[in-house]
Amino acid sequence: MSRVGRMPIPIPTGVNVDIAGGLVTVNGPKGMLAQPVPEGITVQQEDSTLVVERASDERLLRSLHGLIRTLVNNMVVGVTTGFEKRLDIVGTGYRAAAAGTGLTISVGYSHPVVFEAPEGVNLAMESPTRVLVSGIDKQAVGEIAAQIRRIRPPEPYKGKGIRYMGEVVRRKAGKAGSKKR
């Protein structure tokens, strides 16, 4: 039995869960999210908790059991508190600025890179070198943060680039200086 799949999902006050026809819809103070549930997996509401169960011990259902439970739990957390990722921009002259709903990022290219945020994800500047990506959908927040990081990933020699806050960049030794004779 899946350890993750067995755990009940607590439903906080102010959150409404609708389970109909293989679709779980979660409404909360921050918005609404929906997740399709495959055949063989059932989601049931018992008082103020959700329980995810599987029909049999078939290999596919075993693999989906914990996944569906985690996705539904992420929806509940997302509509109540939301998710956020912070990115640090490291490098001399590297910075970003808010531009409407997106960002204008200057990271050593010949031109500034304009990045537009999709609907449901907010981009905010905490400082010229720190970007906050937030939203209610955990997958969308992580994907947008990864796309921004991909503009200029941290390089191993000087550590310059865009990195997640708290990310450790393994540094390589540069050239060994040769003495002139």
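Biologist: Which residue is the bridge partner of Leu 103 in strand 10?

Modeller: Phe 115 is that partner. This is a predicted model, in which local features need pLDDT of at least 70, side-chain atom pairs count only at pLDDT 80 or more, and totals for chains, interfaces and linings use all residues. Residues are numbered from 1 along each chain as its sequence is written, and side-chain values use heavy atoms, leaving out hydrogens and water.

Biologist: What makes strand 9 and strand 10 a pair?

Modeller: Three bridges join strand 9 (residues 102-106) to strand 10, and the two run antiparallel. Pairing requires at least two bridges found by DSSP, so the two strands pair. Strands here are DSSP runs of E, at least two residues, numbered from the N terminus, and helices are runs of H or I, at least four residues.

Biologist: Why is the contact between Arg 54 and Asp 57 called a salt bridge?

Modeller: Their closest N and O atoms are 2.9 Å apart. The rule asks for a side-chain nitrogen of Lys or Arg within 4 Å of a carboxyl oxygen of Asp or Glu, so the pair qualifies.

Biologist: Why is Arg 54 called buried?

Modeller: Its relative accessibility is 14%. Buried means under 20% relative accessible area, exposed over 50%, and partly exposed in between (1.4 Å probe, protein chains only), so Arg 54 counts as buried. Asp 57, at 56%, is exposed.

Biologist: What makes Asp 88 and Arg 130 a link between distant parts of the chain?

Modeller: Their side chains meet in a salt bridge at 2.8 Å, N to O. Asp 88 lies in strand 7 (residues 83-90) and Arg 130 in strand 12 (residues 130-135), 42 residues apart.
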